[in-house]
Amino acid sequence: MSIRTAEYPRPDYFLLHLSDTHLLADGNRLYGSVDSAAHVQRLFADVEASGSKPDAIIITGDLADKGEPHAYAQLRGIVEPAAARLGAKVLWVMGNHDNRANFRTELLGQEPSLAPIDHVDYVGGLRIITFDTTVPGSHYGEISERQLEWLSEQLSFPAPDGTILAMHHPPVPSMLDLSVSVELRDQASLAQVLRGTDVRSILAGHLHYSSTATFAGIPVSVASATCYTQDLNVPVGGTRGRDGARAFNLVHVYADTVLHSVVPLGDFEALDYIDPAESARRLAASGIEIMPAGSLPAYREPPMTRPIPVLR
């Protein structure tokens, strides 16, 4: 039997992307009824039950609904033990509901400060930049000139397997009118810094629904919230939150593409089930093999043709 190789090998990297957990301290519930902590616990129980092993867990902001220290401590108590069992690095991102000082002390073990929380991490040859788009005391997003200069400096040299940029406010349009009041401002300046760099994907949250777009030629993937979501079938021009339709994202990084997949959170009736052993048997019987990760040439960054940014 002739063997056919699948079009893509196994991914080089696997990231678990969730957003907008909105935990409250002391067992309090959002809107008096939404148990934010229970939904995060359920998410990690489902991920662990699947047997998947993400390289990193990225949570793109609004971790604590009121920025309370005990809410951060509770979230850390859920996420970090699960991450240890999964063998994953945890990357926290600031959101507009978060408090920079409490975020630093409770999640990062640092001294309190109101300075933006921007950081660079590596998972193998993949660079992940967590970027703070928040404005203390406000819900819209903004990036300072100093932050843009820092980001430009980081991106002035390519990473071996490219870069993932994780931020809270997505640089994309929203179909909900009220969202423009809390959108990321002056996106053109960010586009000027990103265009022509090795950024392969932008991960974000904030909208409370899943969405995709491109920005400066880069794919943008917005993860839905784990707490509550926005109903996109609301009458045009309106906004209506709902206690349901929660989801998280799986991000698979290949040598020449990045795959973003939305996973609904909850139980649904199964129509059939083919277990892993049977899947492998059927592929073998069909003469199909999936090559291991690294079977294709490593990612090569695009030419650095971007103009020098003119920052205002």
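How do the axes of helix 4 (residues 145-154) and helix 5 (residues 187-194) cross, and within what distance do they come? They come within 9 Å and cross at roughly 20°, with axes taken as lines fitted to C-alpha atoms over the stretch in contact and angles running from 0 to 180 degrees between N-to-C directions. Helices here are DSSP runs (H or I, at least four residues) and strands likewise (E, at least two), numbered from the N terminus. The model is a predicted one, so local features need pLDDT of at least 70 and side-chain atom pairs count only at pLDDT 80 or more, while totals for chains, interfaces and linings use all residues. Residues are numbered from 1 along each chain as its sequence is written, and side-chain values use heavy atoms, with hydrogens and water left out.

Back to that helix pair. Helix 4 and helix 5 are therefore roughly parallel to each other (angles under 35 degrees count as such). Their crossing is right-handed, meaning that the near helix is turned clockwise from the far one by less than a right angle. On the helix 4 side the contact (heavy atoms within 4.5 Å) uses L148, L151 and S152, and helix 5 brings S189, L190, V193 and L194. By class, that makes five nonpolar, two polar and no charged residues; Ala, Val, Leu, Ile, Met, Phe, Trp, Tyr, Cys and Pro count as nonpolar, Asp, Glu, Lys and Arg as charged, and the others, Gly among them, as polar.

Five strands make up an open sheet in the order 4-3-2-13-14, with mixed pairing; two strands pair if DSSP finds at least two bridges between them. Strand 4 (89-93) and strand 14 (258-264) are the edges, each pairing on one side only. From one strand to the next the twist averages 20°. Strand 13 (residues 247-253) runs antiparallel to strand 14, joined to it by seven bridges, and V251 stands opposite H260 in strand 14. Helix 2 packs on this sheet, where it touches strand 3 (56-60) and strand 4, and its direction makes about 145° with that of strand 4.

Helix 2 (residues 69-86) also has a helical partner: its axis and that of helix 3 (residues 100-108) come within 9 Å and cross at roughly 35°. This crossing, too, is right-handed. P69, Y72, A73 and R76 in helix 2 meet N102, F103, E106 and L107 in helix 3. These residues divide into five nonpolar, one polar and two charged.

How values were computed: Angles under 35 degrees count as roughly parallel, over 145 as roughly antiparallel, 65 to 115 as roughly perpendicular and the rest as oblique.
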